[in-house]
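Please look over the model before reading on.

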Amino acid sequence: MTETVKVKPKLLIVEDDFENQKFLQIFLKRKFTLQICDSSETFYEKLNEDKFDIILMDISLRGKKDGLQLTRELREKEEYKNLPIVGLSAHAFQRDKDNAYNAGVDIFLTKPVQNDVLMDTLIKTLKDKSGIIVE
């Protein structure tokens, strides 16, 4: 009899607010293997260390680059052009959404986001873009 090993998809959370990091970690660790980074510098370190199935990208980051720029840079690289990216921002104006989609996010959510909406969005985006089904 064969045994199926269930592996949680790897999610990279790009978020510079410590409280948001903690909340997301507690909430999302049930379904995902998580890594968290808080800046463009640590973002590229994480990408070089591991392969991720999906990214939750905060649009407003402190530092040299914001989430839009990081998303654009990923979409320019062959190995990441189809990687699912869910954008998350406190900015809810239409131009913010347009900028996020133009940068290359697959889905754009605004903070605060309901827990079930965030989880469902990550799971659906991962399935639609990569065919990965989250148990």
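Which backbone oxygen does the side chain of Gln21 reach? The backbone oxygen of Glu15, at 2.7 Å. A polar contact is a pair of N or O atoms within 3.5 Å; within protein, one must be able to donate a hydrogen and the other to accept it, and residues adjacent in sequence count only if both atoms are side-chain atoms.

This is a predicted model: local features need pLDDT of at least 70, side-chain atom pairs count only at pLDDT 80 or more, and totals for chains, interfaces and linings use all residues. Residues are numbered from 1 along each chain as its sequence is written, and side-chain values use heavy atoms, leaving out hydrogens and water.

Gln21 sits in helix α1 (helices are DSSP runs of H or I, at least four residues, numbered from the N terminus). Gln21 is buried at 12% relative accessibility (buried means under 20% relative accessible area, exposed over 50%, partly exposed in between, with a 1.4 Å probe and protein chains only).

Now the rings. The whole structure holds 2 aromatic pairs (ring centres within 6.5 Å, using the six-membered ring of Trp; planes under 30 degrees apart are stacked, over 60 edge-to-face, the rest tilted).

| Pair | Centre to centre | Angle between planes | Type |
|---|---|---|---|
| Phe23 and Phe27 | 5.8 Å | 5° | stacked |
| Phe43 and Tyr44 | 5.1 Å | 75° | edge-to-face |

Phe23 and Phe27 both lie in helix α1, 4 residues apart. Phe23 is partly exposed at 37%, whereas Phe27 is buried at 11%. Phe43 is buried at 0%. Tyr44 is partly exposed at 21%.

Notes
Helices (H or I, at least four residues) and strands (E, at least two) are DSSP runs, numbered from the N terminus.
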